[in-house]
Amino acid sequence: MAALARSVLVTGSNRGIGLELVRQLAASPWPPQHIFATCRDPEGPRGKALKELAAQHASIKLVQLDTVNLPSIRGAVGAVGSHLKDQGLNLLINNAGVSSHATLRSVDPQEMLAVFATNVVGPLQVTKEFLPLLEQAAKGTGKEGLSCGRAAAINISTKLASLGLCLGVPEAPMYPYRASKAAQNMVTRCLAAELQDKGILCVAIHPGWVKTDMGTEKAPLTVEQSVRGILTVLASLSQDASGAFLDWEGNCLPW
């Protein structure tokens with residue numbers, strides 16, 4: 001069985017789902033040759049667990065990347081490109097995101113804009129800047145069709161963004177979070193339409209309600225279970241999944 005992809009980049013990989021993605025990718029029987037684990041401050045205290053993990057696996061490369069800072073993104077592109085030489089980046093996982101439980105009474109413009117910057121503009125800008133490396137991989141793998149092993153941009157979303165489900169959330173309506181993730185889903189659809197002919201797969205994935213800092217301990221899923229499911233789904237993706245909104249078990253979700 002082949003590796004999911006020769007090279008993978010994960011944003012927001014210092015905690016939660018991002019950290020577990022890096023952990024499971026590195027520990028798999030067929031690990032990627034290059035796992036670029038990115039976060040805002042890999043050398044700071046919040047990067048401690050990621051740094052310890054990287055010390056155990058030669059495949060993990062720590063890269064500084066702040067998804068709302070364009071010079072930082074471009075610096076990361078340069079660092080990743082220098083590792084990959086002329087082979088390109090196969091799989092980009094836009095995982096970095098922030099939550100907000102703001103209600104109609106408590107929400108303010110600054111919070112709304114800050115959440116949109118991280119959850120919408122960030123993944124779009126990261127994908128835009130890494131596009132040359134994704135295109136390089138799509139052309140150079142010798143593979144036909146669409147897959148994560150060829151070239152893909154995966155956006156970690158949430159079913160709380162689904163207009164079709166419009167799920168009730170007892171704690172709070174979460175205006176900034178839900179609206180921003182709905183906008184991110186549209187970004188995914190637009191990317192899928194534009195990049196399909198370039199050989200690049202684009203999909204939105206709902207990881208489930210997971211026990212993380214964002215999901216809290218009330219969540220039913222462990223991060224290990226969620227990520228195991230996500231990686232299984234990613235390995236199964238093909239041409240038919242382009243522009244899809246799936247959960248961690250591979251089920252289609254309504255937009």
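Trainee: Is Glu43 buried or exposed?
Mentor: Glu43 is exposed, because its relative accessible area is 55% and the cut-off for that class is over 50%. Keep in mind that this is a predicted model.

Trainee: Which side chain does Glu43 meet in a salt bridge?
Mentor: That of Lys51, with 2.5 Å from N to O. Lys51 is partly exposed, at a relative accessible area of 39%.

Trainee: Why would such side chains pair at all?
Mentor: Opposite charges can pair when the charged atoms come close.

Trainee: How many salt bridges does the count come to?
Mentor: Five. One of them joins Glu129 and Arg74, at 3.3 Å from N to O. That pair links distant parts of the chain: Glu129 belongs to helix H4 (residues 109-140) and Arg74 to helix H3 (residues 70-84), 55 residues apart.

Trainee: And is Glu129 buried or exposed?
Mentor: Buried, with a relative accessible area of 14%. Arg74 is partly exposed, at 47%.

Trainee: What does Arg23 form a salt bridge with?
Mentor: Glu20, with the closest N and O atoms 3.0 Å apart. Both residues sit in helix H1, three residues apart, which is about one turn of the helix. Arg23 counts as partly exposed at 36% relative accessibility, whereas Glu20 counts as buried at 6%.

Trainee: Staying with H1, how many of its residues are buried?
Mentor: Nine of its 12, so the helix is mostly covered. Among the buried ones are Ile17, Leu21, Val22 and Leu25.

Trainee: What covers the buried residues of H1?
Mentor: The cover includes strands E1 (7-10), E2 (34-39), E3 (60-64) and E4 (91-94), plus helices H2 (48-54) and H6 (223-236).

Trainee: How far apart are the end C-alpha atoms of H1?
Mentor: They are 17 Å apart. At 1.5 Å a residue, 12 residues should span 16 Å, so the two values agree.

Trainee: New topic. Where is Thr158?
Mentor: Thr158 is in the loop between strand E5 (152-156) and helix H5 (175-195). Thr158 is buried, with a relative accessible area of 6%.

Trainee: What does Thr158 touch?
Mentor: Tyr177, Lys181, His206 and Phe245, leaving out residues up to four places away in sequence. Also, a polar atom of the Thr158 side chain lies 3.1 Å from the backbone nitrogen of Leu160.

Trainee: Last one. Where is Gly250 found?
Mentor: In the segment after strand E7 (245-247). Gly250 is partly exposed, at a relative accessible area of 35%. Its C-alpha atom is separated by 5.6 Å from that of Val233, 17 residues apart along the chain.

Conventions: Residues are numbered from 1 along each chain as its sequence is written. This is a predicted model: local features need pLDDT of at least 70, side-chain atom pairs count only at pLDDT 80 or more; totals for chains, interfaces and linings use all residues. Side-chain values use heavy atoms; hydrogens and water are left out. Helices (H or I, at least four residues) and strands (E, at least two) are DSSP runs, numbered from the N terminus. Buried means under 20% relative accessible area, exposed over 50%, partly exposed in between (1.4 Å probe, protein chains only). A polar contact is a pair of N or O atoms within 3.5 Å; within protein, one must be able to donate a hydrogen and the other to accept it, and residues adjacent in sequence count only if both atoms are side-chain atoms. Contact means heavy atoms within 4.5 Å. The expected span of a helix is 1.5 Å times one less than its number of residues. A salt bridge is a side-chain nitrogen of Lys or Arg within 4 Å of a carboxyl oxygen of Asp or Glu.
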